Amino acid sequence: MNAAAVPEASHPTSELASGPVASKKAQILAWASWDWGSAAFQAVMTTFVFTVYLTSNAFGGEDAASAALGAALAIAGLAIALFAPVTGQRSDAGGRRKLWLGVNTTATAVLTALCFFVFPRPEFLLLGVCLIALGNIFFEFAGVNYNAMLAQISTPKNIGRVSGFGWAMGYLGGIVALLLVLQLFVQPSFDWFGSSTQDSLNIRLVAIFSALWFFIFALPVMFAVPEVSARRNTTSLGFVDSYKLLFRRISAIYKTSPHTIYFLLSSAIFRDGLAAVFTFGGVIAAGTFGFELKDVIFFAIFGNVVAAVGAIIGGFLDDRIGPKAVIVLSLVGLLIAGTAILVLGNGDYVFFGNDWPGTTTFWVFGLMLCLFVGPAQSSSRAYLARLAPAGESGELFGLYATTGRAVSFLAPTLFTLCITIASPLVAEGEAQRWGILGIMVVLLAGLLVILPVKPPAQVEIAVVPER
């Protein structure tokens, strides 16, 4: 058992250690169902469908619309970084973790549904980007409470598997949601009123579908997982006092469990690299390797399946060799696969008498990237859940969200910088490939900074002040 180097009377314990002695399968399935449903907002609304619609010429030109969307999401990111820790702290203290998960999930679903009223005209652009930005804020707040629930439904023996199962459900839910959206709305297999393209009705109905998908699959966790207990002898804090308490607790965590802070900082770096793998994967597939849209979609489907398999395998390894080892191995695997794509590029080769075109390079090593992303994400969540002091998971996962947002500019900036530097030095059409180098630099930095961080079994549980 982890214990801090503090007076005998304190004996701080983790929320995981003070949780259930055995997991209930129904609770795990209900919890993972939220991950499955949330993919409709992440994959459909913010990645592949609705934001593509928002940045089309119908809203006044791709450049202007993209700039407006980027600005709105940047403001949303700042709001998340500022408010996520305090929202987690207040839900912990009041014993309202599940309540606020439900409130923020419902808010996300309602904002998603309101996107139906974003008609394809420039005057609706502001409404569209504001709805997506607000949806991102409430979605991240919901995610803070959802991640904090991991310690409530798992045990020290199976937390890695449970976390990996949740990530896998998210990947697979995204695939199913995207396929349904493609078959019913984007490229409908049969005629029905939802397939009408007049005023982009088919795309606007995607918002209704996504809202219902998320809300329905989020319901099980609200019934199956019990609410946490409110802390004893605590009084309600004002907004400013909540931040004062937050800073006192960060200071206390650093003093009594510094490796918890080290992990938050190191994970922020490599998580930005992990996000970039998916963010720029489709861009590189199309721009560097000549994939058509249908090929990108097929790769996205296979990539999500492979990532789900990787998350499940990583979860089993997590419980056996520990989350840090899984993260390190995953980052090494990502660096190997990324380096292969960078070096081989879209060239044609012959290996052992067999032709090896550039598309094969991307399929093989691109799927290898997907295989290692899942375990790194899953074990990162499981690592932190092991270190959360009893009753403090929400606040700690709020800090997890904040640190991630604080460095989220790294990979996109280096991706762009590497392309810019390479452009005058390589043939036309070859510069984009060098953007991979920027992502690899971020992943390498994440690997280097996590190496000195102790595994959670060797990290003290922090002593935090009550007020």
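# Close-up views of a predicted model

**Figure 1. The largest nonpolar core of the protein.** In this predicted model, the largest nonpolar core contains 126 residues, and Trp31, Trp34 and Phe50 have the most contacts inside it. Helix H5, which covers residues 125–148, gives the most to this core, with 12 residues. In soluble globular proteins, nonpolar side chains tend to be buried together.

**Figure 2. Surroundings of tryptophan 34.** Tryptophan 34 is among the residues with the most contacts inside the largest nonpolar core. With neighbours within four places in sequence left aside, tryptophan 34 is in contact with Leu101, Thr105, Phe139, Ala142, Gly143, Tyr146, Phe214, Phe217, Ala218 and Val221.

**Figure 3. The whole chain, for orientation.** The protein has 16 helices and two strands. Its radius of gyration is 22 Å, close to the 23 Å given by the globule rule for 467 residues, so the protein is as compact as a globular protein of that length. The C-alpha trace spans about 65 × 55 × 40 Å along its principal axes. Of the 467 residues, 54% are buried. Where contacts join residues at least 6 apart in sequence, 84% of them link residues at least 24 apart. The accessible surface of the protein is about 20200 Å², and carbon and sulfur atoms account for 69% of that area.

**Figure 4. Leucine 274 in helix H10.** Helix H10, residues 258–287, holds leucine 274. The relative accessibility of leucine 274 is 0%, so this residue counts as buried. Leaving out neighbours within four places in sequence, leucine 274 is in contact with Leu334, Val373, Ala376, Gln377 and Leu443. A further pair for this view is leucine 274 and cysteine 370: they are 96 residues apart in sequence, and their C-alpha atoms are 9.4 Å apart in space.

**Figure 5. Glutamate 395 in helix H14.** Glutamate 395 lies in helix H14. This glutamate counts as buried because its relative accessibility is 4%, under the 20% limit. Apart from neighbours within four places in sequence, glutamate 395 is in contact with Pro85, Gly88, Gln89, Asp92, Leu246 and Arg249.

**Figure 6. Asparagine 158 in the loop between helices H6 and H7.** The loop that holds asparagine 158 runs between helix H6 (150–153) and helix H7 (159–186). At 14% relative accessibility, asparagine 158 is classed as buried. With neighbours within four places in sequence set aside, asparagine 158 is in contact with Ser23 and Asp319.

**Figure 7. Aspartate 199 and serine 200 in the loop between helices H7 and H8.** Aspartate 199 is located in the loop between H7 and helix H8 (201–224), and serine 200 also lies in the loop between H7 and H8. Phi of aspartate 199 is near 55°, a positive value in a residue other than glycine. Phi of serine 200 is likewise positive, near 50°, and serine 200 is not a glycine either. Most residues other than glycine have a negative phi. Aspartate 199 counts as partly exposed, with a relative accessibility of 34%, whereas serine 200 is buried, with a relative accessible area of 16%. The limit that applies here is 20% relative accessible area, under which a residue is called buried.

**Figure 8. Serine 408 in the loop between helices H14 and H15.** Serine 408 is placed in the loop between helix H14 (393–406) and helix H15 (410–422). Its relative accessibility of 34% makes serine 408 partly exposed. Serine 408 and proline 120 are 288 residues apart along the chain, and 30 Å separates their C-alpha atoms.

**Figure 9. Threonine 13 in the segment before helix H1.** Threonine 13 is found in the segment before helix H1 (25–48). With 34% relative accessibility, threonine 13 is counted as partly exposed. The view pairs this residue with proline 389: threonine 13 and proline 389 are 376 residues apart in sequence, and 5.9 Å apart in space from C-alpha to C-alpha.

Methods. Residues are numbered from 1 along each chain as its sequence is written. This is a predicted model: local features need pLDDT of at least 70, side-chain atom pairs count only at pLDDT 80 or more; totals for chains, interfaces and linings use all residues. Side-chain values use heavy atoms; hydrogens and water are left out. Helices (H or I, at least four residues) and strands (E, at least two) are DSSP runs, numbered from the N terminus. The radius of gyration is taken over C-alpha atoms; the globule rule is 2.2 Å times the number of residues to the power 0.38. Buried means under 20% relative accessible area, exposed over 50%, partly exposed in between (1.4 Å probe, protein chains only). Contact means heavy atoms within 4.5 Å. Accessible areas come from the Shrake-Rupley method with a 1.4 Å probe; for residues, only the protein chains shown count as cover. A nonpolar core is a set of buried Ala, Val, Leu, Ile, Met, Phe, Trp, Tyr and Cys residues joined through side-chain atoms within 4.5 Å.
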